[in-house]
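Subject: Handover of a structure and summary of findings

Dear colleague,

Please find below the structure that I am handing over to you. My findings follow directly after it.

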Protein chains: 2
Amino acid sequence: MKALVLGGDGFCGWPTSLHLAAEGYAVTIADNLSRRAIAAQLGAPSLTPIRPIEERITAAKRVGDVEFAPLDVTDPVALQALLARLTPDVIVHFAEQRSAPYSMLGDAERRFTVANNVNGTNTLFSALVELGQRPHVVHLGTMGVYGYSDDLGELQEGYLDVRVAQTGRDVTIGYPANPGSIYHLTKCLDHTLMQFYAKNWGFQITDLHQGIVWGTDTAITGSDEALINRFDYDGEYGTVLNRLVSQAAIGHPLTVYGTGGQSRAFIHISDTARCVHLATGAPPEPGSKVQVFNQVAEVHNVGALAQMIADRMEAKVTHLDNPRKEAAANALRVSNAGLRSLGFAPHTLQDSLMDEIAATVGRYQDRLNRDVILSKARW
Amino acid sequence: MKALVLGGDGFCGWPTSLHLAAEGYAVTIADNLSRRAIAAQLGAPSLTPIRPIEERITAAKRVGDVEFAPLDVTDPVALQALLARLTPDVIVHFAEQRSAPYSMLGDAERRFTVANNVNGTNTLFSALVELGQRPHVVHLGTMGVYGYSDDLGELQEGYLDVRVAQTGRDVTIGYPANPGSIYHLTKCLDHTLMQFYAKNWGFQITDLHQGIVWGTDTAITGSDEALINRFDYDGEYGTVLNRLVSQAAIGHPLTVYGTGGQSRAFIHISDTARCVHLATGAPPEPGSKVQVFNQVAEVHNVGALAQMIADRMEAKVTHLDNPRKEAAANALRVSNAGLRSLGFAPHTLQDSLMDEIAATVGRYQDRLNRDVILSKARW
């Protein structure tokens, strides 16, 4: 089975690519390395010394069948040439600008995020139509497409059963989009776009609405220095739990936005890789709507999480004015029944895994740029 | 009051711009003339001899305060320069590729339609954020965002009242997107995008979900040969009623797709101009969601419409395999309460207005290219 991983050099893409290779897929990683370029522009390269892509690939060949193809997914000519050569069985689509704060920095970032993410997804599906290829496409979505309101009950997977007031009819509708940033917006747009491609051209598509990823290495990326995964601690790209542990490890106050009353869904990076693998093997029936799985392990309150880390690591918590427009506090309940039915057994927040993050930060703290700890984005 | 009309050289944009000027707006028409370029590429220029933009503008100055600015709305530098100079009170956004069949022709057309329409809308709002401008933005949507199903009852304006099965709570949600082509998809994406800009940056936005426009001239465009509106009869850009009357006028069988059981909403071009003017003067409250009006006059069954035209003009009807993926027949009921509450008194299908179309076609039939009557798009 041949897997094409678009964006396979990124934080989630790299460990997932290696996991798929270890599980027997022939993996082609396609990436334009834009994440590395943006990190350099922001003065916030990966805390871990990730290797140049060539070295990574050489080391990855010891894990399984892995090759690299330089590709900008918005380039239709290069993309079609690659697809025609590969004829992949499954495509995993990570090739999107994935930071909410970055997408809110200014005009250039708003336009780049929409153009890269939406045009990239459209270019991909349009190319597949042109070539007559119908691989299973697994797209990385986000829990953020739902918004963070408990009004609609426990978050089901992508769809909502409602009774229409006007007619009294019971119908199942796509979950109403309620994005909280330009980045989250693009995932809502991608979803609507993929629904049309599924309906009109019969694509089998899975959209994984993922929680906030934490941790850095998986068993595979941790097994070889040349395979080490990237680690972002900065205000734009560092995800909240990783940021908080990094701050504690270097004696910086833990920065909580607003009251800290926000509840969010989390998943460990090793589970990201496992879940994507489970999803690749379980395409929806041909002719179905987009299959949605909530790719989350557990829900935590951000303020409580910060306090727990502060207590363990003898650090202080400080509350900043919330740069985001969001509710000061919210309840959150999430179903992850789909991936569980495929065998997903989540790794939940454990001291040992948090210790691993702290140890990583301790090991590389000379590389840490304190000037980029705070987010510059304002909503 | 200053109005900026993006896409003001097009079929709807031109008569609307003149109407706004006649009503006292200082109008800037911004356009990259892409509609003219695409028509030339397709071998289907306007049947009516529309004038070069410079001649149009010279003549328009006799109607009111009108100027022209060449602009590609996806060009952020040019767009921001224009906005900074104008500081418009209202922006009417027609600058989108507006043909469903064209958007389904192939890879290049799918990509152009998404890139032009979605990036254009995002570039516009992002520029307004950057400049701190908050004009009322009136966007042209389409009835096609709703899909053509009677399951949800009479189509309300943009929103749907439902009871969530899981929680029993009554909520109002955005109408579920159900586009029938890449073009219609882009209007769904625009809508979700505008909801985010309204929510996060407090924009006042009106989305006009317009029916199928028919007719060619308004009182103003018909008053001066140099102001004549464009008329499309081809399979890609000709709207259904205009296409059928054109076919009858030249002795071509009236081409109905499939059974002709489709019901669609219609509006005359002069009502388009009037409705947009009404909408410009009625922005939603600041802090509101996007205000949606269904810009339609009446609903007709396509097969019955074709038969009526055939009977009147002594022509024949022929049924073609439907190139589109759509229901063979559908019921359709549409509320247009919003615009009616502003004073909209629809012009409905009248013999005299149809005679006007037939007369226009008769007058210019030497310019008609019979090779482009049938659509080349297949869904």
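A residue is termed buried here if 20 or more other C-beta atoms lie within 10 Å of its own. Please note that this is a predicted model.

Ser103(B) is located in helix α5 (residues 100–103) of chain B. Beyond its neighbours within four places in sequence, Ser103(B) makes contact with Gln97(B), Glu109(B), Arg110(B), Thr113(B), Ser181(B), Ile182(B) and Tyr183(B). Asn32(B) lies 71 residues from Ser103(B) in sequence, and their C-alpha atoms are 18 Å apart in space.

The sheet of chain A is the next subject. Seven strands make up an open sheet with parallel pairing, in the order β3-β2-β1-β4-β5-β8-β12 (chain A). The edges are taken by β3 (66–70) and β12 (291–295) of chain A; each has a single partner strand, so one side of each has no neighbour in the sheet. On average, and with direction ignored, neighbouring strands of this sheet are turned by 20 degrees against each other.

Within this sheet, strand β1 (residues 2–6) of chain A runs parallel to strand β2 (residues 26–31) of chain A, and five bridges join them. Val5(A) has Ile29(A) as its bridge partner in β2(A).

Strand β5 (residues 136–142) of chain A has parallel pairings with two strands that may be described in turn. Strand β4 (residues 90–93) of chain A is joined to β5(A) by four bridges, with His93(A) opposite His139(A). Strand β8 (residues 205–210) of chain A pairs with β5(A) over six bridges, and here Gly141(A) stands opposite His209(A).

β5(A) is also mostly covered, since seven of its seven residues are buried. In a regular strand the side chains alternate between the two faces of the sheet. In β5(A), His136(A), Val138(A), Leu140(A) and Thr142(A) point one way, whereas Val137(A), His139(A) and Gly141(A) point the other way, and all are buried. Helix α9 (residues 269–280) of chain A lies across β1, β4, β5, β8 and β12 of chain A. The helix runs at about 160 degrees to β8(A).

I turn now to the two chains together. Chain B is superposed on chain A by a rotation of 180 degrees with 0.0 Å of shift along its axis, at an RMSD of 0.0 Å. The two copies are thus related as by a two-fold rotation axis. Both copies use the same surface, as 100% of the contact residues of chain B recur in chain A.

The contact itself takes 41 residues from chain A and 41 residues from chain B. On the side of chain B that touches chain A, α6 (107–131), β6 (159–164), β7 (170–174) and α7 (182–201) of chain B supply at least two residues each. The most come from α6(B), with 12 residues. By residue type, this side of chain B divides into 21 nonpolar, 10 polar and 10 charged residues.

Strand pairing also links the chains. Strand β6 (residues 159–164) of chain A pairs with β6(B) in the antiparallel sense over three bridges. In this pairing, Val162(A) has Val164(B) as its bridge partner.

Yours sincerely

Notes. Residues are numbered from 1 along each chain as its sequence is written. Chains are lettered from A and ligands numbered from 1 in the order in which they are written. This is a predicted model: local features need pLDDT of at least 70, side-chain atom pairs count only at pLDDT 80 or more; totals for chains, interfaces and linings use all residues. Two residues are in contact if their C-beta atoms, placed from the backbone, lie within 7 Å. Ala, Val, Leu, Ile, Met, Phe, Trp, Tyr, Cys and Pro count as nonpolar, Asp, Glu, Lys and Arg as charged, and the others, Gly among them, as polar. Two strands pair if DSSP finds at least two bridges between them. A residue is buried if 20 or more other C-beta atoms lie within 10 Å of its own, exposed if 12 or fewer, and partly exposed in between; C-beta atoms are placed from the backbone. Axes are lines fitted to C-alpha atoms, for helices over the stretch in contact, and angles run from 0 to 180 degrees between N-to-C directions. Copies are superposed by least squares on the C-alpha atoms of residues with pLDDT of at least 70 in both.
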